[in-house]
Amino acid sequence: MATSIADTILPKPSPPASSFKSSLLISKSVISFSATPRKFKPSCSLTVSSSLPQSNSASSAVTPTTSPAHDFVSRYAPDEPRKGADILVEALEREGVKDVFAYPGGASMEIHQALTRSKLIRNVLPRHEQGGVFAAEGYARSSGLPGVCIATSGPGATNLVSGLADAMLDSIPVVAITGQVPRRMIGTDAFQETPIVEVTRSITKHNYLVLNVDDIPRIVSEAFFLATSGRPGPVLVDIPKDIQQQLAVPKWNQPHRLPGYMSRLPKNPNEAHLEQIVRLISESKKPVLYVGGGCLNSSEELKRFVELTGIPVASTLMGLGSFPSSDPLSLQMLGMHGTVYANYAVDKSDLLLAFGVRFDDRVTGKLEAFASRAKIVHVDIDSAEIGKNKQPHMSVCSDVKLALKGINRILEKGAKLKLDYSAWREELNEQKVKYPLNYKSFEEAIPPQYAIQLLDELTDGNAIISTGVGQHQMWAAQFYRHKKPRQWLTSGGLGAMGFGLPAAIGAAVANPGAVVVDIDGDGSFMMNVQELATISVENLPIKILLLNNQHLGMVVQWEDRFYKANRAHTYLGNPSSESEIFPNMLKFAEGCGIPAARVTKKEHLRAAIQKMLETPGPYLLDVVVPHQQHVLPMIPSGGAFKDVITEGDGRTKF
């Protein structure tokens, strides 16, 4: 038997689909991936049982079953017993897993021993479990494939918590596997025992405690299906050590046991609803698109929609890259540190097309004032998000990709539909000229925004960018021109410092040959600096652009603005020697055998970044920047567009 947890956080019930014709239909309607280096093959098909179980659920007759990939060949004979750990590893292989981020311990040793017997799966050894889960996220965010991390019981499992919460908030498909103490010891406060299922109940999409070795094939298959279908998210599988050691002959064709979940998966969008959206568009004079992370798999459909309508696009932090930032119709990012013209467009609009978003507080500010003049159309795959923060005038619970395809078909057929928003676009262009993104210089010191602009220029906007959390994160969102989906990796909802470096590891593993740059701050970088060892040992060609201001920059900015510049433990250097850069980041790199350099003057920056990019393998560039810089524009927390701040820095008294 197996205990499955977290039923309470499944999406709100919606009417079940009338029929599922094939597994392909399921994949198209609820599992969406971008173009990736290799194809992920969900090992899920559908069978319809001949009789209903006792449950009254209309969908309980429809049960996905696990089935081996068509080209998969097991290294075991069909009836050959093998350890539970080997069954787990083969189950991962059958899901198409090629890379895992696993750190061993007493309760997970059996899994690691089994991994050494696999010819298909590579383990990239992190130096901390948090580094492992953030790397799995970077892998998933940059490729669209589910990321896999493995940790031992107790402190190993609890070190995954921040990453799981991050994946939950940002809807990232991650499968986390943890070792657990033997079944007989569960609940006895055994050495390195934590009830990780209970600990992670509210920060995972679903989780499992495996209590029967025969359940491993089904549970692993369900875990990948749950992580990647509907609104993606993290799934945890906790496996006691005695289960890992038990011998068994696996049964690979077990049906899934997810009747409630299957009934909640969204249907194809209703044609009449899509026609109603088109009618609202035709009646609008000042429409604007508000697109989020839910549009990352719908980039081509979104671009076609904009081509057909001419509607300008504002993106959330998570949605960057779904529409090219350099396009004339791009308003770039909206929200607290969004452009003035993006926030102006939302404030003045009469129709807000909210696609794949959740009306986060860092976007909306004061909810009552957000898009107060507009009719709101909300399209999202998760019914729980619709009306949660902002009540829409019209909503469609659907995969945004399918909704956009349907809307585009209607627009392409509507020859009589004449959409002309030239006056609205001209009004917004005036705002772009009046309030461009800019920054002030500090004599010879390097403006951090300029460093990011140079990086954008020298990489032609094609690099995969990861970030930590803070000022550097916002400047990277503002000044790096993201061209395509999945090249922007950042901790959005949770705002987890220490994310950037391990996320870059995951991106480099998933995208060999790509230029991967971690734009980091000294505070965030220090939180997972140990992952330099992983980068060095694996020889991953990750470039680290470290914007070092010796402070927790974003907190300093708030101190300047709202606390009369009183410094409350935000200086990260050495108080006894403030003229020196402390700690010496170059020594961290040197200790791991990674080439590094420091630059302090603006005139030397271009050559330094060029050298970083041209050096084979990993490289750290320590860019010393002034701590007085502020991220602008800024709408104070809980404020409205009328409260936007566009001037001032740490040299100003507020």
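Trainee: Okay, which residue stands opposite Thr 467 in β20?
Mentor: Opposite Thr 467 stands Ile 519. This is a predicted model, in which local features need pLDDT of at least 70 and side-chain atom pairs count only at pLDDT 80 or more, while totals for chains, interfaces and linings use all residues. Residues are numbered from 1 along each chain as its sequence is written, and side-chain values use heavy atoms, with hydrogens and water left out.

Trainee: Thanks! How do β18 and β20 pair, and over how many bridges?
Mentor: β18 (residues 464–467) and β20 (residues 516–521) pair in the parallel sense, over four bridges. Strands are DSSP runs of E with at least two residues, helices are runs of H or I with at least four, and the numbering starts at the N terminus. Two strands count as a pair if DSSP finds at least two bridges between them.

Trainee: Which helix packs on that sheet?
Mentor: That is helix α17 (residues 448–459), which touches β18, β20 and β21 (542–548). Touching, or contact, means heavy atoms within 4.5 Å. The direction of α17 makes about 160° with that of β21. Such angles lie between N-to-C directions and run from 0 to 180 degrees, with axes fitted to C-alpha atoms, for helices over the stretch in contact.

Trainee: And what is the strand order in the whole sheet?
Mentor: Its six strands run β19-β18-β20-β21-β23-β22, in an open sheet with parallel pairing. β19 (488–489) and β22 (596–599) are at the edges with a single partner strand each, so one side of each has no neighbour in the sheet.

Trainee: Back to β20. How many of its residues are buried?
Mentor: Six of its six residues are buried, so that strand is mostly covered. Buried means under 20% relative accessible area, using a 1.4 Å probe on protein chains only.

Trainee: Which of them point which way?
Mentor: Val 516, Asp 518 and Asp 520 point one way from β20, while Val 517, Ile 519 and Gly 521 point the other way. In a regular strand, side chains alternate between the two faces of the sheet. On the β21 side, β20 pairs in the parallel sense over six bridges, and Gly 521 stands opposite Leu 547.

Trainee: What is the strand order in the other six-stranded sheet?
Mentor: This open sheet has the order β14-β13-β12-β15-β16-β17, and its pairing is parallel. β14 and β17 (394–397) are the edge strands, each pairing on one side only. On average, neighbouring strands are turned by 15° against each other, direction ignored.

Trainee: Which strands does β12 pair with?
Mentor: β12 (residues 287–291) runs parallel to β13, joined by three bridges, and pairs with β15 in the parallel sense over five bridges. Leu 289 stands opposite Val 313 in β13, and Val 291 has Ser 315 of β13 as its bridge partner. On the β15 side, Pro 287 is partnered by Leu 351. Five of the five residues of β12 are buried.

Trainee: New topic! How many cavities of 30 Å³ or more does the structure hold?
Mentor: It holds five. A cavity is a set of points on a 1 Å grid over the protein atoms alone where a 1.4 Å probe fits but cannot get out, and lining residues have an atom within 4 Å of a point.

Trainee: One more: is Asp 166 buried or exposed?
Mentor: Asp 166 counts as buried, because its relative accessibility is 0%. It belongs to helix α6 (residues 161–170). Leaving out residues up to four places away in sequence, Asp 166 touches several residues, including Arg 141, Ser 491 and Phe 499.

Trainee: And how much of the chain is buried overall?
Mentor: Of its 654 residues, 58% count as buried. The chain has 24 helices and 23 strands.

Key
1 Å grid on protein atoms, 1.4 Å probe; cavity = no way out; pocket = protein on both sides within 12 Å on 5 of 7 lines; lining within 4 Å. Points joined across faces, edges and corners; volume = space filled by probe spheres on them. Buried < 20%, exposed > 50% of the residue type's maximum accessible area, 1.4 Å probe, protein only.
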